[in-house]
Amino acid sequence: MAKWIITSAWPYSSDVPHLGNLIGSVLSADVMARYLRMNGHSVIMVSGSDEHGTPVEIEALKRNIPVREFADRNHKIISELFKKWNISFDNYTRTESPVHIKFVQEHYKRIYENGYIFTKDEYIHYCPNDKKFLPDRFVEGICPYCNAIGARGDQCENCGKPLQADQLINPYCTICHGPTEIRKTKQWFFDLPKLSDEIKHYILNNKNLSENVVKFSLSWIEEGLQPRSITRDTSWGIPAPFEGAEGKTIYVWMEAVLGYISAVIEYFKNRGEEEKWKDYWLDHNTKTAFFIGKDNIPFHSVIFTGLLLASKQNYTLPTVISATEFLQFEGKKFSKSKRIGIWIDEALEILPADYWRYTLLSIRPEGGDVNFTYDLLEEKVNSELNDKIGNFVQRTLSAIQRFMNGEIPYKPELNDENKRELEIIHEIHNKITQCYEAFEIQKAVKLTLSQAEEGNRYLNATEPWKLFQINKKAGEAVLYIAARIVKALAIELYPIIPNTSCEILRFLNIKDCNPKWLDAISDFSFPLKIGSFKPLFTKIKKEEIINRLNRIRSRGDGK
């Protein structure tokens, strides 16, 4: 079995993530981590709160709260929310972790010694009103590429182009909204161009990278890689470890990506196995998977890869970079200020986590941007979860209870039709497996639903309630097959909606909810005695969902 490190983009602790953040990173990573564990792989799933970003500073300033206090509070909130969403982290950490800070400083000292860091004077924005140099995100203006208004100093959200702050047209300070001026300051730079050939070789020879990741990355390289500034004139962050860099910190984008390594180091340190992390990050047999939004591709495929290569430590390079497109909300971009969207704390007050997990994963934006709507949520819950999955499980268990006193005592004799149905169960399961192996999560969810659809079709075609009146043995065989489909479905649902999966397994008197993937196509231990069961889902109305959200926000603590 393989060793896997599964990770996802680190959410800013400036605010609770919204549904688009969740599906684009953490939730997708959780599905694959669960699937790989079910197949016996050694999996470490890590991520953490990105606390040093300028958005955290901005939000703390708005609230007149010390930034460290603000970051502490939000990290705790986000950590607890991920537990409620059933995200199976082995270590959810933070950029303020002493382990992370030490690793980042040591890593940069090493690549400095290796000749990949140099200094030069940089002309950056200074706010004469606030009397401070401004980090990228404290500066906004017009994008020089697409002319979008409100482009940030590090990246234009409209066209996705990474920016240097001095490229902005008509820049202004986001703190006081006054005009900025350019002043000279000494900064430390990562000599990324030195690594162009090595990075290009990695991208062209990694057959696990998707076509969009390869194209995006190669276009960056072919345009000519530029040195990346790694220090900032700000006090909130990891102190730069270079001589003469007192008062400067490491730029957040250049330190947060190193958290993928430090989080694994911390995980094993907490277990008393301080050197064990090397068996993962320094072993080229280890596979790594990164779940991110498409706008983060170059920071992972190019910059993070470059930082690993520059260390000369022989790190394993990214195996899979699974980059989703964007999730829109009712045709619009998620926006906290405009209250467009639903945030993950609000969602859990409205519906159980599994309702959201299933809906989001079933529309995971894999081939293009996807629009989340209340109508779609209603359809997913009512038609797919309730009418197909829930209805099939309820019909099967009710029939076993009614016609067989809730027990299948032994494996019945099967005719050719029964055997063919077992083959269909296996065929669907194998197709689901193929999708997960290709990291095609949305397709895997769709095929998992088809297992329930097949179960309903089978019950309708065989009509066991009639068979028991004329041929009891034939009726028992049909319900045995139906129960096998219920078991397969329960296990196949585990990566997607784990709470529901475990509930179905309890219905089947399988109390240890730690299923193996191949258990989906294995037989029962007889006798099979059905436990107590109840409907899995409740239908919803979009009007009530909207009303619940409005009530939450009317309390004054919503988004």
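I start with the second largest pocket, where strand 14 gives the largest share of the lining, five residues. Helices (H or I, at least four residues) and strands (E, at least two) are DSSP runs, numbered from the N terminus. This is a predicted model, in which local features need pLDDT of at least 70 and side-chain atom pairs count only at pLDDT 80 or more, while totals for chains, interfaces and linings use all residues. Residues are numbered from 1 along each chain as its sequence is written, and side-chain values use heavy atoms, with hydrogens and water left out.

The volume of the second largest pocket is about 530 Å³. Of its 27 lining residues, those closest to the centre are Ser210, Ser322, Ala438, Phe439 and Glu440. Two or more lining residues come from each of helix 2 (26-38), strand 14 (320-324) and helix 15 (416-437). A pocket here is an open set of points on a 1 Å grid over the protein atoms alone, where a 1.4 Å probe fits, with protein on both sides within 12 Å along at least five of seven lines; lining residues have an atom within 4 Å of a point. The volume is the space filled by probe spheres set on the points.

Ile5 has Thr288 in strand 13 as its bridge partner.

Helix 2 brings us to a helix pair. How does helix 2 pack with helix 13 (residues 353-362)? The angle is about 95°, and the axes are 11 Å apart; axes are lines fitted to C-alpha atoms, for helices over the stretch in contact, and angles run from 0 to 180 degrees between N-to-C directions. Helix 2 is therefore roughly perpendicular to helix 13, a term for angles of 65 to 115 degrees. On the helix 2 side, Leu27, Asp30, Val31 and Arg34 meet Arg357, Leu360 and Leu361 of helix 13, contact meaning heavy atoms within 4.5 Å.

Finally, a separate open sheet has three strands in the order 7-6-8, paired antiparallel. Three bridges join strand 6 (residues 139-142) to strand 8, and Glu140 has Tyr172 in strand 8 as its bridge partner.

Note on methods
Pairing = 2+ DSSP bridges. Parallel < 35°, antiparallel > 145°, perpendicular 65-115°, else oblique.
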